[in-house]
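Dear colleague,

Here is the structure for your files. My notes on its aromatic residues and on confidence follow below.

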Amino acid sequence: MSTATTDNTESASTAGMPNEFLTFTLGDEEYGVDILKVQEIRGYDTVTKIPDAPDFIKGVINLRGTIVPVIDMRLKFRLGRAEYNEFTVMIILNVARRVVGMVVDGVSDVMQLTPEQIRPAPEFGSAVNARYITGLGALDERMLILVDIEKLMTAADMALMDAGSQALQ
């Protein structure tokens with residue numbers, strides 16, 4: 001029995017390692033995604049629109065021969081329309097063995113958070129859909145909304161994105 005306790009303690013200390021998040025802004029809020037999912041960061045580029053796609057799917061880009069669907073995170077999170085300017089950024093992610101682009105207002109930095117700095121996502125009931133939020137990162141006076149990008153990009157409402165990107169290849 002003490003062996004099991006020792007094993008649990010070891011995995012907890014491994015889990016105690018700091019996690020790194022790429023932080024980005026949407027409006028006045030800061031969000032974070034697992035840095036290991038990020039392939040590259042680039043300026044916003046013109047996209048090819050896909051007919052009959054949901055509003056939050058801006059279209060696709062050709063990234064070095066790979067057709068990449070592009071999601072506007074402001075529209076996905078229902079935060080209103082974004083004004084695209086020189087600060088608008090596209091984060092290219094590797095999610096579920098697919099490459100996906102995510103349009104955000106700007107990229108802040110890479111932040112390390114220990115498990116103690118990550119609070120569980122609050123329960124809002126059915127009024128707010130928080131299923132893509134893994135937690136809240138607290139660092140000094142900053143609050144970071146941590147997004148489970150894997151869950152978000154593989155959700156059922158993104159199935160159209162997959163069909164659209166495969167049809168163009």
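**Aromatic pairs and confidence**

The structure holds 3 aromatic pairs, where rings of Phe, Tyr and Trp (its six-membered ring) pair if their centres lie within 6.5 Å; planes under 30 degrees apart are stacked, over 60 edge-to-face, and the rest tilted. This is a predicted model, in which local features need pLDDT of at least 70 and side-chain atom pairs count only at pLDDT 80 or more, while totals for chains, interfaces and linings use all residues. Residues are numbered from 1 along each chain as its sequence is written, and side-chain values use heavy atoms, with hydrogens and water left out.

Phe24 and Tyr31 are stacked, because their planes meet at 15° with ring centres 5.6 Å apart. Both are buried (under 20% relative accessible area; exposed is over 50%, partly exposed in between; 1.4 Å probe, protein chains only). Phe24 and Tyr31 form one aromatic cluster with Phe77.

Tyr44 and Tyr84 have ring centres 4.5 Å apart and planes at 35°, so this pair is tilted. Tyr44 and Tyr84 are 40 residues apart, and their pair links distant parts of the chain. Tyr44 is partly exposed at 25%, as is Tyr84 at 31%.

On confidence, the chain averages a pLDDT (the predictor's confidence in each residue, from 0 to 100) of 80, and 78% of the residues score at least 70. Where pLDDT is low, the predicted coordinates should not be read in detail.

Regards

Notes. Helices (H or I, at least four residues) and strands (E, at least two) are DSSP runs, numbered from the N terminus.
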